[in-house]
Structure formats: structure tokens, C-alpha cells
Amino acid sequence: QVQLVQSGGGLVQAGGSLRLSCALSGPDANMYAVAWFRQAPGKEREFVNAITRSGLVVALTDSVKGRFAITRDDTKTTVYLQMNSLKPDDTAVYYCAAGAVASPGARYDSWGQGTQVTVSS
């Protein structure tokens, strides 16, 4: 089973930027679609965006359009979430997840450990 290790995140002022990384390892690590989710305190987990194994972004949540970008490197084993123009409402624990299909409703069997993003006003 593929393993996912996240890095990045932290504390930033509103309007600032952060980049999260999600490194995949294990069998066929470069063959998975990857999605980013987030969960704010007291709220349900929210789908953010997703990318296919070939690098096509197939889903994007309205609240982050124009501000967040998902990419993956040439080896296909690291996925990034570039977050710009951050708002306090973006404060949450962010998770990456791997599955067969890049879609909000898809099944994701492997998850990263989560990373805290805090945006101060």
C-alpha cells in the first residue's frame, strides 16, 4: 500500500502564501491520483482539489479557485498544494490522500498524517 508523508504548513498572516508537499512511496507510487482535503475545527472534512496521475487537475473547490494550485513533480511521486492569498477561513488541518480516481466523491485508501495551516488576520 502506498504511504503518504506531508510537509509544509504553519502560521502565516492573511494574504500570505504557503506550500504543502505530499510525498508518495511504495508500490506504484506514481500511479495514484491525489487529492487534498481540509478540516477546520468543528467542521466536516472538505475536499479542496485533486490531480490525476498524469497531472490533470479535474476538480477544484470554488472557495479556493484562483488562490490554490495543485501540481505534481516529474516523478509523479510528490504532489504540491500552493496556497496564495490565504484567508483566516483557510485555517484547517490539511490532508493529502491517494486513490485510483481524482474526484471529490472517490475512494481514497491512503492518507497523509495531516498538517496544520493557521492564517492570522
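Predicted model: local features only at pLDDT ≥ 70, side-chain atom pairs only at ≥ 80, totals over all residues.

1. I begin with the pairing of two strands. Strand 3 and strand 8 run antiparallel to each other and are joined over six bridges.

2. The wider sheet comes next. Strands of a sheet pair through backbone hydrogen bonds, in either a parallel or an antiparallel manner. Here the sheet is open, has four strands in the order 1-3-8-7, and is paired in the antiparallel sense. Which strands stand at its edges? They are strand 1 (3–8) and strand 7; each has a single partner strand, so one side of each lacks a neighbour in the sheet. From one strand to the next, the twist averages 15 degrees.

3. The disulfide deserves a point of its own. The count comes to one disulfide, and this bond joins Cys-22 to Cys-96, with an S to S distance of 2.1 Å. Cys-22 belongs to strand 3 (residues 18–25) and Cys-96 to strand 9 (residues 92–99), so the bond ties together parts that lie 74 residues apart in sequence. The torsion about the S-S bond is about 75 degrees, and the disulfide is therefore right-handed.

4. Are the two cysteines buried or exposed? Cys-22 has a relative accessibility of 0% and counts as buried. Cys-96 is likewise buried, its relative accessible area being 0%. Both values fall under the 20% limit that is used for the word "buried".

5. Lys-76 sits in the loop between strand 7 (68–72) and strand 8 (78–83). Its relative accessible area is 26%, so Lys-76 is classed as partly exposed. Setting aside residues up to four places away in sequence, Lys-76 touches Ala-29, Asn-30, Arg-53 and Ser-54. The C-alpha atom of Lys-76 is also separated by 8.6 Å from that of Leu-24, a residue 52 positions away along the chain.

6. Thr-61 is found between strand 6 (57–60) and strand 7, in the loop that links them. With a relative accessible area of 18%, Thr-61 is buried, because the limit for that term is under 20%. Which residues does Thr-61 contact, leaving aside its neighbours within four places in sequence? They are Glu-46, Phe-47 and Val-48.

Note on methods: Residues numbered from 1 in each chain as written. Heavy atoms only, no water. Buried < 20%, exposed > 50% of the residue type's maximum accessible area, 1.4 Å probe, protein only. Contact = heavy atoms within 4.5 Å. Disulfide = S-S within 2.5 Å. Pairing = 2+ DSSP bridges. Axes fitted to C-alpha atoms, helices over the stretch in contact; angles between N-to-C directions.
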